Amino acid sequence: MTTLKDKVILITGSAQRIGRILSLGLSDATLILHYHTSQDEAQSLKGELDKRGCRSSLFKADLLCSENISKLFDYITKKYGRLDVLINNAASYKKGAFLEEDDFDSCLQLNLKAPLICAQHAAKIMPKGSSIINIIDKSANKPFKGFVSHSISKAALMHATKALALELAPNIRVNNLMLGLILPSKGHTQNAFDKLVEKHVLVNRQPTNQEIVEGARSLIENDFINSTTISLDGGWI
Ligand SMILES: NC(=O)c1ccc[n+]([C@@H]2O[C@H](COP(=O)([O-])OP(=O)(O)OC[C@H]3O[C@@H](n4cnc5c(N)ncnc54)[C@H](OP(=O)(O)O)[C@@H]3O)[C@@H](O)[C@H]2O)c1
């Protein structure tokens with residue numbers, strides 16, 4: 001069993017929403033809080049962690065740019081000399097016409113290629129017993145109508161997890177955390193979201209923050225979970 005004390009965790013897209021929930025819930029570790037445009041939210045998150053006596057640092061990077069990803073890992077290597085957990089959380093969720101080529105490229109770049117490049121850099125500084133979590137959603141199994149690029153990107157990432165686990169074994173474990181309906185997406189009202197929850201989620205509610213964090217924590221702490229997908233969806237129909 002891996003414990004988080006003395007571990008260094010990178011969470012991409014940590015400043016708000018699910019990234020923020022994970023950051024606050026995993027704050028017994030040392031956190032690298034990656035953000036891109038949400039600087040105020042990132043600083044406020046760091047302030048909250050400071051108040052709790054948790055160790056964290058901020059790093060801004062556009063993950064669409066491979067050079068910026070290199071700089072992020074140069075920073076981690078210089079400051080901490082290691083990384084124990086990588087959580088590939090940052091992603092886009094853009095409705096798009098089938099098939100808008102620019103959107104397809106940027107979606108695949110952010111949702112698939114960036115997590116893979118992060119994993120490649122991470123593996124170089126990860127000690128034995130480290131792990132990588134790729135956050136995916138139900139579209140990896142069954143495409144969402146109107147989200148062709150997104151669904152393809154998450155399905156490919158789900159598969160990439162297995163390929164990475166094969167490459168990085170036995171020292172580094174790689175798993176997917178597949179989320180169901182967690183938070184209304186931008187532009188979705190709470191009311192519309194509640195209707196979706198009623199239709200698709202057997203427990204008929206959103207998860208608590210603690211339930212979300214426990215999903216990630218189990219993948220980090222249980223050294224025998226590898227090359228698989230854990231679903232956190234309340235029972236999906
Ligand atoms: N929300 C849900 O109910 C739900 C359900 C299933 C799965 N998921 C998955 O869970 C994860 C988090 O979901 P979420 O709804 O919290 O995500 P989100 O708010 O849509 O995006 C998370 C973060 O991604 C970062 N990001 C976007 N473009 C970027 C870029 N070019 N470079 C670097 N970072 C970039 C943003 O950082 P900045 O804000 O700093 O720009 C953003 O805060 C995603 O992988 C998503 O697919 C979410």
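Predicted model: local features only at pLDDT ≥ 70, side-chain atom pairs only at ≥ 80, totals over all residues.

I looked up burial along strand β5 (residues 130–137) first. Eight of its eight residues are buried, so β5 is largely enclosed by the rest of the structure. Buried means 20 or more other C-beta atoms within 10 Å of the residue's own, with C-beta atoms placed from the backbone; exposed means 12 or fewer, and partly exposed lies in between. Strands here are DSSP runs of E, at least two residues long, and helices are runs of H or I, at least four, numbered from the N terminus.

Residues are numbered from 1 along each chain as its sequence is written.

Next I checked the two faces. In a regular strand the side chains alternate between the two faces of the sheet. S130, I132, N134 and I136 are buried on one side of β5, and S131, I133, I135 and D137 are buried on the other.

Then I looked for partners; strands pair if DSSP finds at least two bridges between them. Strand β4 (residues 85–88) runs parallel to β5, joined by four bridges. Strand β6 (residues 172–179) is also parallel to β5, over eight bridges. N134 stands opposite N88 in β4, and its bridge partner in β6 is N176.

Last, I turned to the ligand. β5 and α1 (17–25) each supply at least two residues of its shell. α1 gives the most, with three residues.
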